[in-house]
Amino acid sequence: MFGRLPLSEQLDGLRSMLSQNEILTDVLARAATLDLPGWYVTAGCLFQTVWNVATDRPAANAIKDYDLFYFDDGDLSWDAEDAVIQAGRAVFADLPAEVEIRNEARVHLWYEQKFGVPCPPHTSTEAAIDRFAATTCCLGVRLEPDGGWRVYAPHGLSDMFNLVVRPNPVLAPREVYENKAARWKSEWPELTVLPWPN
């Protein structure tokens, strides 16, 4: 239903649906205390919460981790990123879920080794979100100091609300998209998965 509403109403719907996942709202609140530059909670924990609510599953069903991305290009060393990861472990220690923290300024240093294609350096967390394998993944949310939600959704929200998985062939290879889409379809058979373009 939300996928056919005006954007302002979609944003209200997004907040309403995400708020049903108490782990997610806790991650957002705790992440704000870390005061990381350009941070967002992003990707699977967001769109999978929406899919769960839309298909009458428990809001946190089948969410394997909660991604917390930030952008700090002042120190690209692993030690600097690991210091943030360790600080986050203390903040999130008692949550019943894994929170994976990554500095998106460092992704180009390891992406090709992991995925087989080079990744140009990201210029912001938003630029990293732009390059996720599926448009539905391209979503970030953070709490602002005034308690409002900042939502970054470069491809909009309609596909997510309509349970459509659409490829975003700007960086990730085809097999990454297809593997993710197959995993999601096995968990949420209601999804419509669109093919990788030829």
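Q: Is Arg 174 buried, partly exposed or exposed?
A: In this predicted model, Arg 174 is partly exposed, with a relative accessible area of 38%.

Q: With which residue does Arg 174 form a salt bridge?
A: The partner is Glu 178, and the closest N and O atoms of the pair are 2.7 Å apart. Glu 178 has a relative accessibility of 35%, so it also counts as partly exposed.

Q: How are Glu 178 and Arg 174 placed in helix α8?
A: Helix α8 covers residues 174–187, and the two residues are four apart in it, which means that about one helical turn separates them.

Q: How many salt bridges does the count come to?
A: The count comes to nine salt bridges. One of them pairs Arg 106 with Glu 81, at 2.5 Å from N to O. This pair links distant parts of the chain, 25 residues apart: Arg 106 is in the loop between β3 (98–103) and α5, while Glu 81 belongs to helix α4.

Q: Are Arg 106 and Glu 81 buried or exposed?
A: Both residues of that pair, Arg 106 and Glu 81, are buried.

Q: Turning to cysteines, what does the disulfide count come to?
A: The count is zero disulfides. Cys 119 is in none, and the nearest cysteine sulfur to its own, that of Cys 138, lies 13 Å away.

Q: Are Cys 119 and Cys 138 buried or exposed?
A: Cys 119 is buried, with 8% relative accessible area. Cys 138 is buried as well, with 1%.

Q: Why is helix α3 described as largely enclosed?
A: Helix α3 spans residues 44–54, and ten of its eleven residues are buried, so the rest of the structure largely encloses it. Among the buried residues are Cys 45, Phe 47, Trp 51 and Asn 52.

Q: Now the surface: which residues form the negative patch?
A: The negative surface patch is formed by Asp 72, Asp 73, Asp 75 and Asp 79.

Q: Where does Asp 73 lie?
A: Asp 73 lies in the loop that runs between β2 (65–70) and α4 (78–92). Its relative accessibility is 55%; the cut-off for exposed is over 50%, so Asp 73 counts as exposed.

Q: In which helix does Lys 114 lie?
A: Lys 114 is part of helix α5, residues 111–115. Lys 114 is exposed, at 59% relative accessible area.

Q: What separates Lys 114 from Ala 80?
A: Their C-alpha atoms are 21 Å apart, and along the chain Lys 114 and Ala 80 are separated by 34 residues.

Technical notes
Residues are numbered from 1 along each chain as its sequence is written. This is a predicted model: local features need pLDDT of at least 70, side-chain atom pairs count only at pLDDT 80 or more; totals for chains, interfaces and linings use all residues. Side-chain values use heavy atoms; hydrogens and water are left out. Patches are made of residues with over 30% relative accessible area and no salt bridge: like charges are joined within 9 Å, nonpolar side chains (Val, Leu, Ile, Met, Phe, Trp, Tyr) within 5 Å. Accessible areas come from the Shrake-Rupley method with a 1.4 Å probe; for residues, only the protein chains shown count as cover. A salt bridge is a side-chain nitrogen of Lys or Arg within 4 Å of a carboxyl oxygen of Asp or Glu. Lys and Arg count as positive and Asp and Glu as negative; His and the chain ends are not counted. The place of a charge is taken as NZ of Lys, CZ of Arg, CG of Asp or CD of Glu. Buried means under 20% relative accessible area, exposed over 50%, partly exposed in between (1.4 Å probe, protein chains only). A disulfide is a pair of cysteine sulfur atoms within 2.5 Å.
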